[in-house]
Amino acid sequence: MTEINGTEMEKCTALEPCATTFHAPEKPKGGTSSCEFSDPAFYNNKSQHIHRWAPWIAGFSKDFVRDSIGRFIPCGGVVLDPFAGVGTTLVESMLTGNDSFGFEINPYAHFVSETKTRAVFVDVEAFGKEIRRFEAFFASCAASDYEAKSTVPEGFRSKVEFYSPNVLKKVLALHDFICQIEQGDVTAMFRLAFSSTMVRYSNYSYEPSLGTRKGSGKEDISDFDVGGLTVMKLKECLEDIEWAQKEMGGKPIPRSEVIHDSFFNYASHIEEGSIDLIVTSPPYLNNYHYNRNTRPQMYWLGFVSSPAEMKGLEESNFGTYWQTARDKDRVDLAFKPECSDIEERLDEIRSMNPEKGTYGGKGWANYAASYFNDCYRLSQGIGHSLRSGSTALVVIGNSIVQGVHVPTDAYFAQIADLVGLETVRIHVPRETRVGNSIKDSGLRSKSKEKKNLYEAIVEVRKK
Ligand SMILES: C[S@@+](CC[C@H](N)C(=O)[O-])C[C@H]1O[C@@H](n2cnc3c(N)ncnc32)[C@H](O)[C@@H]1O
């Protein structure tokens, strides 16, 4: 991708002529970021204690969270992440001695977040003993042609066979072992080790959406050392637990609560004005399907057992999904935008590819309008939760929908302004981003605007 040049970024800020407190985005220089924040991309987490336990395509980096905590609440405070994902904000809050709350509606992501924040409580001796017992069990299964009692989860269907027969036998044996572990935190560690690696030996892969291996030109996996990979993962987790317990040694353990609910129910869980810092990243306007992409983990861990349960989750996702919004009657903004061209931009999307019906601009405009309605509700939730004078950092990327550029960061800032928050600045830590699944959803753009995808941090403050 080519760089976003200064002119384009200035154009984004020119959309906020009324926002007197608004500053121009900090522009990255050359190929690297000149932004005062660390790059929020998840990539570096893959080698970091605890954060490396479960990959999450849309996660952000622990360094970004740590920098933010150090900068905005150097003397400590209560941190909130309305979209906790796999818990990056909560883990860093805990390790830096700060109480934290997170909301997460995806049961798998919620499970991972909660398991990570409980690392400091895991009985290392009991966990180590169970790993050794598992190694012996798996060796004996291989030697004795073990007949598993577990079965494939009810309701779990896939287009092609999810596991080849040899692999499935081993997965079911692993499942049998997990079912008989008695100690809660140790069971959770085994469930995490299984669920975070289970796609690796399936006939599916993340590209970054979940699809068949064959569909992306890879061979199916006919056999795999399931036990070996699980043990490797378990040992990595054990090492990190020992590390975390040493880090926290003697210090009081802060409160970490991951609420399994939509953030839009914030008023039932968060006391008004009780939060000192929000660090978060809502789903982007790119229709990345968190629920479909975690179907295997959700069924195999027993969080869902039917497509109807999956559907319920889709409807409460931030912005819903294109699949949910496209066939609705026209969705309009539920708030009155001021000094903004959001409505014009939605009209432009709506006018694209009319011959495609709801698969063209009409359906995508419904999705984008639902998305901005939820940005409004998020801003209200931020306003409710923050203490006066406190900051929220919202990591959000721009989008290209049906070929139309949507400066989601600038629009979010305008919306935040409507509910009385002050936009301090939009930072751009990274000028290129990959993985937008709808970038090419339009065949042609009327505007012929050439835009790249970038990552932004919208810094807002409660007055
Ligand atoms: C961009 S990811 C956040 C990743 C996180 N920063 C991390 O490092 O793991 C957005 C998350 O929001 C969750 N989500 C979507 N709608 C939600 C809602 N209404 N309430 C709470 N969480 C929601 C998704 O399941 C997803 O995990």
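Asp-409 is buried, since 24 other C-beta atoms lie within 10 Å of its own; the term buried requires 20 or more such atoms within 10 Å, exposed means 12 or fewer, partly exposed lies in between, and C-beta atoms are placed from the backbone. The residue sits in helix α16, residues 408-418. Helices here are DSSP runs of H or I with at least four residues, strands are runs of E with at least two, and both are numbered from the N terminus.

Before I continue, a word on the source. This is a predicted model, in which local features need pLDDT of at least 70 and side-chain atom pairs count only at pLDDT 80 or more, while totals for chains, interfaces and linings use all residues. Residues are numbered from 1 along each chain as its sequence is written.

Which residues does Asp-409 touch, not counting those up to four places away in sequence? They are Ile-396, Asn-398, Ile-426, Ala-456 and Val-458, where contact means C-beta atoms, placed from the backbone, within 7 Å. Asp-409 and Val-394 are 15 residues apart in sequence, and their C-alpha atoms are 8.8 Å apart in space. Val-458, in turn, is in contact with Asp-409 and also with Val-394, Ile-396, Phe-412, Ala-413, Thr-423 and Ile-426, leaving aside neighbours within four places in sequence.

Val-458 leads us to the nonpolar core. The largest such core has 113 residues, and Met-189, Ile-278, Ala-368, Phe-412 and Val-458 have the most contacts inside it. A nonpolar core is a set of buried Ala, Val, Leu, Ile, Met, Phe, Trp, Tyr and Cys residues joined through C-beta atoms within 7 Å. Helix α15, residues 361-385, gives the most to this core, with 10 residues. At least three residues come from each of domain 1 (6-108 + 254-462) and domain 2 (124-248), with bounds taken from an automatic or database domain assignment. In soluble globular proteins, nonpolar side chains tend to be buried together.

Met-189 is also one of the buried residues of helix α7. The buried residues of α7 pack against α4, α5 (124-144), α6 (165-179), α8 and α11. The 14 residues of α7 should span 20 Å at 1.5 Å a residue, and its end C-alpha atoms are 20 Å apart, which agrees; the expected span is 1.5 Å times one less than the number of residues.

Helix α4, residues 107-117, is mostly covered, with 10 of its 11 residues buried. Among them are His-110, Glu-114 and Lys-116. The partners of these buried residues are α3 (88-95), β2 (100-103), α7 (184-197), β5 (256-259) and α11 (295-300).

I turn now to the backbone. Most residues other than glycine have a negative phi, and most peptide bonds are trans. Ile-50, however, has a positive phi of about 65°, and it is buried, with 26 C-beta neighbours inside 10 Å. Gln-402 likewise has a positive phi, near 50°, and lies in the loop between β8 (399-401) and β9 (404-406). The peptide bond from Glu-207 to Pro-208 is cis, with omega near 5°.

Finally, the ligand. Of the 23 residues around the ligand, Ala-58, Gly-59, Phe-83, Gly-85 and Thr-88 come nearest, a residue being near if its C-beta atom, placed from the backbone, lies within 6 Å. How many residues of each class does the shell have? There are 14 nonpolar, eight polar and one charged. Ala, Val, Leu, Ile, Met, Phe, Trp, Tyr, Cys and Pro count as nonpolar, Asp, Glu, Lys and Arg as charged, and the others, Gly among them, as polar.

Notes: Contact = placed C-beta atoms within 7 Å.
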